[in-house]
Number of protein chains: 2
Amino acid sequence: MFYSKLFGKTTKQIPSDLSTISAKLLFQAGFFRESTAGRYFILPLGQRVQLKIIKIIKEEMDASGAQEMISPLLHPLSLWKETNRDQATGYELMTVKDRHQFEFALGGTAEEMFVDVVRKFQLSYKDLPFNVYQFSTKFRDELRVRGGLLRAREFVMKDAYSFAANEQEFKQEYEKMAQTYTRIFQRLGLTTYKVESDNGYIGGEYCHEFIVESPAGESKFLIAQDGSYAAHEDIAVFLKEKNNTTEKELPLQEVPAKRGKTMQDGVNFHQLPLKKHIKNVLFVSENKQLILASIRGDYDINPVKLKNLVKCHSLRLATNEEIRNKFQSEPGFISPLRKNPHLPKNYLHIADTSLSGLKNACSGGNRKNWDYLNINIERDFKPDIIGDIALAKAGYLTLSGQPLQEKRGIEVGNIFQLGYHYSLMMQNAVFTDKGGKKKPYYMGCYGIGIGRSMAAIVEKHHDQKGIIWPQSVAPFLVHLIGLNLQNSNIRNKVNHLYQKLRQLQIEVLVDDRPDVSAGEKLADADLIGIPYRLVISQRAGDKIEIKKRGEEKAYLIDEDKILTILPSAATERL
Amino acid sequence: MFYSKLFGKTTKQIPSDLSTISAKLLFQAGFFRESTAGRYFILPLGQRVQLKIIKIIKEEMDASGAQEMISPLLHPLSLWKETNRDQATGYELMTVKDRHQFEFALGGTAEEMFVDVVRKFQLSYKDLPFNVYQFSTKFRDELRVRGGLLRAREFVMKDAYSFAANEQEFKQEYEKMAQTYTRIFQRLGLTTYKVESDNGYIGGEYCHEFIVESPAGESKFLIAQDGSYAAHEDIAVFLKEKNNTTEKELPLQEVPAKRGKTMQDGVNFHQLPLKKHIKNVLFVSENKQLILASIRGDYDINPVKLKNLVKCHSLRLATNEEIRNKFQSEPGFISPLRKNPHLPKNYLHIADTSLSGLKNACSGGNRKNWDYLNINIERDFKPDIIGDIALAKAGYLTLSGQPLQEKRGIEVGNIFQLGYHYSLMMQNAVFTDKGGKKKPYYMGCYGIGIGRSMAAIVEKHHDQKGIIWPQSVAPFLVHLIGLNLQNSNIRNKVNHLYQKLRQLQIEVLVDDRPDVSAGEKLADADLIGIPYRLVISQRAGDKIEIKKRGEEKAYLIDEDKILTILPSAATERL
């Protein structure tokens, strides 16, 4: 490929809204452009990288026995109604009607579609298990987008769906996919953490994200120092400090109180340690259900855990108005106790397990400037549910006692157990078992974002001068630069070497611009980040200068040697 | 791949709405399923074929110097407004709003998008010419669909867009694409006719369709016996029989007349040959403009030519009501003459060139049961435009006197000259020329439908038993069938050969079903149509039966020989 005719060249300008390193470098180097916010043109250089990523994913998926296919991008909305997801995901789902007023969802994930095509066949246990996948465009109407290709509203994703006869068959596939993913990301030059995560709106009981550690990422996770445990902040569990359960229960007292800006003011006021306080937060669910969440003062509430515990789709904090008028309490003085006769009858009270066995605690009195002392759970209040709703933090311990670290990263892939979630909600999603009985499929699903992987690679592989592509995904293997191209001798040598390399099936980008300075050409090569840079110039004479991107030193060597080094590098790349 | 775990197996049932051979065979053999009308799941077998088609197209496009990239599927509707196509193509365009009420078109073709990304760069003549292409899903909200993958509402298409500094640069690219297309279709096993076609709503001045002759196709075209001319029925021109221009003009006469069911009744009634009659048809354009089209009695009107001549987007026949009330005439008696004072003032009158020099013709009198005789153009009526609006038919002659044949076929690809159509309608679609001046791009575009190509291949390559895939696109090279699999010796031999072939990188589908009859397995192999069928059975003993799909004879040969024949076949396939 001649750089002069390449569509999408380097630029010095960077739009001010590009905040991540990958977005800046990929923009500057000519790998993408924005169409509208979150929707991108992938330019020829970028597409070469995407195709290499896709090839690696395909090879590994095929090696695992998975089968590539394609589902339409417009999903009949009726399918999403079968699983109630037309409502649950309303905030990211776009819908469209055709000329016959038939309604479609623009696919952002395709569980329903794959169940729908599978149920068109009368399958038996003999056809199982299988795993089908596709590379296709996904649409997510995100409220906000940021970071260029790291979070887009339209992007190519590999999504796979496995169908098994039972949990055991499924678990083998899940484990195989976990290993396949680790291999895929290794080949892409990415070290990933396999992190337990929240299922979100996909459904099912457990799932894992594959996260590349990076400050540019949006995923916060906690990991044991010895790596024995890794979980997304949303669901991470930890060892809670035990309460002194043998302490004698003292009589409940209602006392005047003052509030400051933090819990510490309460600690000072009552001269009671934080872990003797009960923190209460009022939430409202999408169905306007009031949910009171109580937790020990030294911990914070994790709204995702709370949401999952009460099985609702979304939660928000109650406003001060709602605390006063709907809950008949006072901001800052919400109580876990039901002493106030005006409290609504139908609120749901959730207590964190950290309250179990807590003795003689202090908390609000449901009226301004009054607190209770010596609160004892069970004696003074009985929550509807006691469960884990605590937010894990760095320094806490895993259940086996390992200190947790907090990390941030980019979620490049995920694997989900779906279980019977979809096969039970959708009609006829059944196979015939050995005994001739109809049974629902046991399912899983598995995703990898292509553009996000590309961006993650850049976040991990770059320096001050530009991108440093791993060989496996580089847009070209060789960047051949001709300097002093006014000299026909040099021009001929460049063309000669280019033809030779092409005959060897080596992918070469040739900088053939006659009117651009050496400095600019070398800077462009650093920015674009192709693994091998070859320079033909008057200074190099009969030799060719070779330099690997990311290494300091350049070498002058003979063409013959070039023609042996590069083909073996090209083979390695396959 | 083990057939037992392949998703998408053969079936004997065919839905009654599948009318074409390709749809029936591809359905039965498990290559696709319908989601909703015109939107298809491409199953693993089908996707293997599609990927091979894509690979061939990509290789040839890259060899031509074109560069692959990706544009978003949701196009800002504002771009389509820039070119007025939001209206012109309203009938096939679907639009959708995001949560911020921003309006998008679901891309059915991407001229605007590619101009939009190109104009984001400040290009000069040095960057030109270039040709960028993508494989992506296209959406067309067709009124009706038929024939399975031959016409879909959602399908993968390769679309390319070339940008040149001038017509000369463009023409080289256009010619290169024409040659590239011919090579692509050859490699797909398709013989194509390059046929001049109507530009439709794409814009530009000329274009060619690549058509595979087939009764299943929707494209009707005319071709000279010596191949020197080929054109779509919509635009085909032909040599019209000359009028006797020296005949003396007789006085106009208004005479009573009767109509029958055909023009022949008029011929008989007036005792005048067909070519002395003038046929008049009233049309209505999308802007409610009345258009009267007149042609010599021995020819028929071609509505596409008429539409292009009057530069409107759509035409329909006027109803009898409109003929009477809007045009103040009488169905069957419409006249080219304006003698009736009640005729509307603003209708457009188009005459075919076959009327030039026609003397003493007969036509309607604009009132029931009255005709005019001795009509002479110019003397008795003056059309607004005289042009070619005649429909070409088999047996007519090309302009150089060659007899035309009529053929029907499947349009698998097309190439369009766009000229300055888009670069002038869209702001800033300019490059800097040698003199430093801003000039619009000279453009072309080039499409190939992937699913349609697959269906066309099946239309051309099948027999009574099923599909006969050309090696280049077959889903697998080898269909390995184990009979008598209860016998562990046979089972081991099948597995052994399968592993050996896999080591040789040969794509094999193994029929490993233990409980299916030999007859059923062989019938399935014929239906699926993989090039080489290998059978291991008790009857074959130590030998392996090999048979090429589409050939009659099977041979018993040694494994060693298999292991030399097949790798060379696999290489050929690349």
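**Close-up views of a predicted two-chain model**

**View 1. Bridge between strands 18 and 19 of chain A.** A:Gly364 has A:Asp371 of strand 19 of chain A as its bridge partner. Strand 19 (residues 370-375) and strand 18 of chain A run antiparallel and are joined by three bridges. Strands are DSSP runs of E of at least two residues, and helices runs of H or I of at least four, numbered from the N terminus. This is a predicted model, in which local features need pLDDT of at least 70 and side-chain atom pairs pLDDT 80 or more, while totals for chains, interfaces and linings use all residues. Residues are numbered from 1 along each chain as its sequence is written, and chains are lettered from A in the order in which they are written.

**View 2. Open sheet of three strands in chain A.** The strand order is 13-19-18, with antiparallel pairing (at least two DSSP bridges between two strands). Strand 13 (253-256) and strand 18 (361-364) of chain A are at the edges with a single partner strand each, so one side of each lacks a neighbour in the sheet.

**View 3. Helix 5 of chain A.** Eight of the eight residues of helix 5 (residues 111-118) are buried, so the helix is largely enclosed by the rest of the structure. Buried means that 20 or more other C-beta atoms, placed from the backbone, lie within 10 Å of the residue's own. Among the buried residues are A:Met113, A:Phe114 and A:Asp116.

Methods
A residue is buried if 20 or more other C-beta atoms lie within 10 Å of its own, exposed if 12 or fewer, and partly exposed in between; C-beta atoms are placed from the backbone.
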